[in-house]
Amino acid sequence: MNKSIRKPIRRKILTFAASVLLATAALLLFRSPAKNTPPSPAAPTADVPAGAAGETAAGQVAAVDAVSAPDPAAPLSPKVRATFEKIPDGRFREEVLALAPAARTRVLRQLAARPVPAADYASLRVTPEGMLYYACVFPAAPTVASGTTPASAITPADDPSLLQSFSPSVFSTPAAAPVPISQPPVRHSRPGSRNILFLDFSGMEIRDTLWNTSAGGTGVRPLIRAKPFSLDSDTTTFSDTEQQAILLIWERVAEDFAPFDVDVTTEKPAEFIRTTGHALVTHSKDNDNRDMPGVAGGAAGIAFLDCFGEINYAEKVVNAFDTLPAASPALIYHDKLSNNSASIAYAVSHELGHNLGLHHDGPGSVIVTGGDGEDVYGYYGGHGSGATSWAPIMGNGYSRSVTQWSKGEYYSANNHEDDLAFIESKLGYREETADTSPALADALVPAADGRLGASGVLLRAGDAHLYSVNLGSAAATSSTLNPFRPADGSTANAGNTDLRLEILDASGIIVAADNPANAANATLTHTLVPGQWLLRVTSTGYGTPLAGQPTGYTDYGSIGQYTLVTNLVPSAPALPDALAASATAPRLLWHTTTASAMPWFGQAGITHDGLHAAQSGSIPAGAASILATILEGPGILGFWWKTSAASGDTLALTLTDLGSDTTSGGASGTLSYGGINTGTLTLSGSGGLGGSGTLVTGSTGGGASGTTSIPFLAASAPQLLAEISGQTNWTYHTATLTTLGAHLLEWTYLKDAATPSVAYLDQVSWAPAQTILAPIPAVRDVTSGTGQFTLAIETNTVWAAATDAPWLALAPASGTGVAILTVTHDANPMSLARRATVAITAGGLVRTTAVTQSFTIPLATALDNALTWQTGGDGDWFGQKTTMHDGAHAARSGLIRGDQQSWLQTTVSGTGLLRFWWKVSSEEEEPDAFDGMRFYIDDQEQARISGEMDWAPREFPLTTPGAHTLKWQYEKDYYLSVGTDAAWLDQVTWQTTPASLAITPSEVDVRATAGQFSIMVTSDVSWNATSGVPWLTVTPASGAGNATLTATYSANSVPAARVATLTVTAVGETRFCEVTQASASGISTVSTGSATGDTNNPGTTPGADSGGGGAASLWSLAALALLFGIRSRRKLE
């Protein structure tokens, strides 16, 4: 080309390139700041007028002339710009205007992704770094009318000690003396959880947090010395009262978070990580007598929004994107809450709710307004009175009995965000604590006093927990179902659950139910016939919360802890059962007088324990009715007794030491005593057994039929131990037997007057002095996989360990004295939790541990296929039954935080059609925000979803043969959590395309000499090729799709032709090529294809005439034509 022409063209190209570079630079200069752009110092900028320099030392924001200022939302997307325009004039808007552009962009995008109720702007604040926090000024709540809460609605059980036997919470008495503030009473609600909510009462030096950088209006303070929790002037120790208050606060907060996989604890964690929540209960003045953050504005609690799980939650972060101080702890000022345990606990859960991403619930039917009519606080104080008064935890419900997480299901609610879904996205749910299937229902657990019971946690509205009762005889049942109630019996912030109790027969038909309208508990009294019965525990709502005059609540947040206690009263109990100290205590062997003087008998009418007792026989004046047992001493005897008689009628207890001589007085035999035995023995004659006599076994009371005489010889005369007479109410008595050997104990009711009278005996206990067996943990939760745990056995005698589950192994199974028992559990193959009991017995004492093993839904089960799945990243995908498309189960992404990912993948082969359903709840994707789920085939992205997207089907055809990796990945960018922050996958199906396979030729004849020929394979899948004989080989031996194979054969040296079959196989398909080689003296031709290397006729092609060469001639002509064209082109140039 002419040089004079080339230069202008080159100049035009350079000019265009320079224009592109300038335009790009301008775009980068004026574009909106990226999400990960480090924030600039909070100083006046081009889009913030002079004087709007951020917060002053007192934390106030200088006034901004919004009219003269450039539009601060100009570089933002329409959605984010609209969010800014909705912020009302006031303090928060001024704070946003004063931010540096990068920080302002961060705030506005967070508000666009998670809009806050308009009323919240009064309590919402922002730091210069662009971090949002709430300064919660709790207004006074309406006063609850006195006398409106029935005692039955707030009392956990008749006996608080019984509740301790079944309750999942810990009601332990704190230390009797003051303890250092570094040693508060230690409690854990769920030890071992990966998530922690630490309730800190010990004070601390606050450094490197956002509170130190002027958040909360206190100015920049590198060190804040927060005081410990204290109700008196001594800030160095926790008194008895303060320890009890700490426990009351802990148990209420533990109730609020009971359904979730989190350990609410008062013990300081070994390390603070992004999943360690921290709530500091402290005074509103620090140790330097300066206001704590937020106090100047009247705050009683202050916490950052949606920071749990973020990289700067627990510690300061400095990286290429940001320098971010820590966003914890949340601060709760106990003196601003009247030092009231219920109010402090409510505030702790409220502020931790902010950390987990929750906004305020308000305003309801009553709105607190300021002088200009603006809603000042935006909290809903709740409604109702008594046991069913209600308020949302994210409102202002200090005086209400039932406080719950909410989604705005009450009249005039201004916030309908799903609290439970947000918390679940950060913490996850714990495993079910009871079975929901009748076939797998757990048996009620016996308590020490004979009553049966269970405890559990309802995780979701609609959950139903089932417990079984098997009766061998008819019985009157009395069952009480209580929600969590604080140990102090207070009705304020008393629990989260309203309960319904039902009795079902074995076929599932309801025979009785209770759900009182004005109480959160339930009680049932019903007589049951022999057989299996089920008790069903469910949560429920109450009233009409959406009415203009609201009452009650829906069942949405009616979840949490419960305790079930059942009394069984057999209609005619045998003496061993009537006199047993408890349902689990060993039955003593009882003896009573013969029919000539009416014997004692079991009854359920007049009892001490509310179950059953023994009553003396009906006897005339001058007669006696005797009840006796034989015990091995030494030990301590305890019992309750009662007389309803004339003053001269007496009930006396006597002791006779028995000798070892059993040869006098009748037939020889062996005297046995004590132990677990449901039979009875009958005394011969009508008097006592002083001196010598004969014990005769009888058939009453469940013993074996027939009689056996056992002689004995008393070693001492009877000794009177105690006596009552006349009208004596139930009285407890103990007797200490100090000598070794057998002792005969006789209760003799002697009637003096002719008037009707009777005596009673109940709850006889015997504790051998030589036996000690310390308690072991009542409950133990284990993971779904294989593993083990240990139990410490502390006794001074021989012990044995046993379990009722084949999936538990105990080692050692027995021993003597102190030992460590190792309990090994198999993996749980079911999609339901399973339970078992480990029992330790020693000297008649029994200790038990109820073991609950969680379950895992395999990914293949959750995804409805038989594919092999792998998962990884920062959190594994897992099978679950909470959110699913098919109504059965689905897979959910792992619990991850900012700048993390969770992936799931499998491999398929060949061609076919992939189908699946997917769903996501995340931040909506923008150019610089990429929370969401992506799908890849062989590392190539195929599709992505983000935002709030419900279940949607997708299908992808795979048209190339070979192996394919299918990968689903949920990922989060640097910050901001929206929605549930998770992805789900369900019903993944892979349908392969029938294999297509053909080969050409199907028959080949070759000469006797060695050579090669080609075979064409046409396929859309992977294939393999073999010959099966050594003289014929094929390459390549495997492949995918279309290919040309080379078959190589060796010379045939024998005088006979030979035949081989070349086989090509693919998925379910097989094709053949038959190869015939001529004999050593013969000549063979190739039917099709080509072959080379005929050494007998070099230069020729097998199967073609020797004079051929047409193909060669054609190639020659083509070469000449090409050469001619090249030369002609050169000439033209």
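Biologist: What makes Arg-114 count as having its charged end over the ring of Phe-422?

Modeller: In this predicted model, the charged end of Arg-114 sits over the Phe-422 ring, 4.0 Å from its centre. The distance cut-off is within 6 Å, and 4.0 Å meets that. Arg-460 has its charged end over the ring of Tyr-429, at 4.2 Å from the centre.

Biologist: Happy to follow you to the rings themselves! How many aromatic pairs are there?

Modeller: The count comes to 26 aromatic pairs. One of them joins Tyr-133 and Phe-304, with 5.2 Å centre to centre and 55 degrees between the planes.

Biologist: Why is the pair of Tyr-133 and Phe-304 called tilted?

Modeller: Stacked needs planes under 30 degrees apart and edge-to-face needs over 60; the angle here is 55 degrees, so the pair is tilted. The partners come from distant parts of the chain, with Tyr-133 in strand β2 and Phe-304 in strand β12, 171 residues apart.

Biologist: And how do you know whether Tyr-133 is buried or exposed?

Modeller: Buried means under 20% relative accessible area. Tyr-133 has 1%, so Tyr-133 counts as buried, and Phe-304 at 0% counts as buried too.

Biologist: What makes Trp-730 and Tyr-760 an aromatic pair?

Modeller: Their centres lie 6.3 Å apart, and the limit is within 6.5 Å, so they pair. With 50 degrees between the planes, this pair is tilted. Trp-730 lies in strand β37 and Tyr-760 in strand β38, so the contact ties together parts 30 residues apart in sequence.

Biologist: Why does Trp-730 count as buried?

Modeller: Because its relative accessibility is 17%, and the cut-off is under 20%. Tyr-760, at 5%, also counts as buried.

Notes
Residues numbered from 1 in each chain as written. Predicted model: local features only at pLDDT ≥ 70, side-chain atom pairs only at ≥ 80, totals over all residues. Heavy atoms only, no water. Phe/Tyr/Trp six-rings, centres within 6.5 Å; stacked < 30°, edge-to-face > 60°. Helix = DSSP H or I, 4+ residues; strand = E, 2+ residues; numbered from the N terminus. Buried < 20%, exposed > 50% of the residue type's maximum accessible area, 1.4 Å probe, protein only. Lys NZ or Arg CZ within 6 Å of the ring centre and 35° of its normal.
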